[in-house]
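Here are my notes on the charged pairs in this one. Have a look at the structure first, then read on.

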Amino acid sequence: MWQVNSVDRMNKRPITAVYKAIPDLCHRELGHLPPRNFALRLGASEDLVLRLDVLRKLAKHRGCVNTVSFNTDGDILVSGSDDWRVILWDWETGGIKLSFHSGHTNNVFQAKIMPHSEDRSIVTCAADGQVRHAQILENGGVETKFLAKHQGRAHKLAIEPGSPHIFYTCGEDGLVQHFDLRTGVATELFTCQPIKDRWNYMPVIHLNAIAIDPRNPNLFAVAGTDEYTRLYDIRKYKWDGSTDFGQPTDFFCPPHLIGDERVGITGLAFSEQRELLVSYNDEFIYLFTQDMGLGPNPDHEFPKSTNCDADELGFSHGSVLSQSNMDGDEKITPQVFKGHRNCETVKGVNFFGPKCEYVVSGSDCGRIFVWKKKGGQLIRVMEADKHVVNCIESHPHSMVLASSGIEHDIKIWTPKALEKATLPKIIEQV
């Protein structure tokens, strides 16, 4: 049998993602591969991730930038800061389209542009607990309106996918609120409670994160100062207030963290495949598939799927299950992502790539970490802030990232580097 000797193997040129894309290009030109599929394959290329570099810095805020978010089309980036201002950027040119005072009286924690609003409707929440709506007028002015208030800081809001009217907020008071901009009404859905054996010393869960399932907007998840991510179904809420909506449909937690009162959760994200990404403080990041839930009562020793509700909730099973998950005698465990440090601030977490092929997070060391979603391999570490990186936002249609943190600017990352980056030799010591 013919064999390649060791010298030939050493001299053989590695096949990069660019070379792998050439056959796809030929198939596209011959009509055998649809253009969209070609773009998705090329966009997911690891080669592009390894060439991410700072395109430009957007510098106008006079405080830490706590939130960055793209509009639906991806041509506008909105940011909010400790300076209480909101800025709309043309991130490709670095120009400012609009800058205005949010109306908040403390640090702006989240700002998002409502979809299908001609980019004129912006919702915000902040350290003052307020939830506000900003409307951009025809003459270019901005009218801001108070909608509701949390008792304590309001860290995050989540917009119902595709809706120009509906969004949710959560706060350190444990309260989850539902908003409809058509009526201006804020509905207090519930206050998040700890599990029963902690009621005597933990009155509420201080919430840091909320996310909506993009494939089933009836489902949303919240998380905060305990180890559980709680999943709720808005269809079970009675709008006349006749029933208690506080009981989650499902709980998620890595098996080894159940009962660990030292940890909490700072960030949540759903993928387009309906996987749930959870970032823990003083711990790691975990990826859950929908059949890894503990059920509506978390007093289980190991995760157990809520099969009785699977059809009702529209769950799709086993999207990224490992072999150990497929084994009946093995514990169902989520994929873990390690290397970053999340201790000092409330950090987000996100997916990256046209089909959410990567996981991205900031770190206390001032760098951005990028992992392959499948397998959890760390492939990229990028210097991004002198202090801490808190926010990583993925562009909705292309391989572009926006990041922000303690520094007063926003960094736009595109795959423009001529040379591919390599991992630092000793990540933990930096």
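Which residues are linked with Asp47 in a network of salt bridges?

1. Arg51 and Lys420 are linked with Asp47 in that network. By salt bridge I mean a side-chain nitrogen of Lys or Arg within 4 Å of a carboxyl oxygen of Asp or Glu. Side chains of opposite charge can pair when their charged atoms come close.

2. Before you go on, a word on the ground rules: this is a predicted model, where local features need pLDDT of at least 70, side-chain atom pairs count only at pLDDT 80 or more, and totals for chains, interfaces and linings use all residues. Residues are numbered from 1 along each chain as its sequence is written, and side-chain values use heavy atoms, with hydrogens and water left out.

3. Searching the whole structure turns up 19 salt bridges. One of them pairs Lys411 with Glu407, at 2.9 Å from N to O. Lys411 is buried, with 7% relative accessibility, and Glu407 is buried too, at 17%. (Buried means under 20% relative accessible area, exposed over 50%, partly exposed in between, using a 1.4 Å probe and protein chains only.)

4. Now look at Arg215 and Glu272, whose side chains meet at 3.9 Å, N to O. Arg215 is exposed at 56%, while Glu272 is partly exposed at 39%.

5. Finally, Arg120 pairs with Glu118, their closest N and O atoms being 3.9 Å apart. Glu118 is exposed, with a relative accessible area of 67%.
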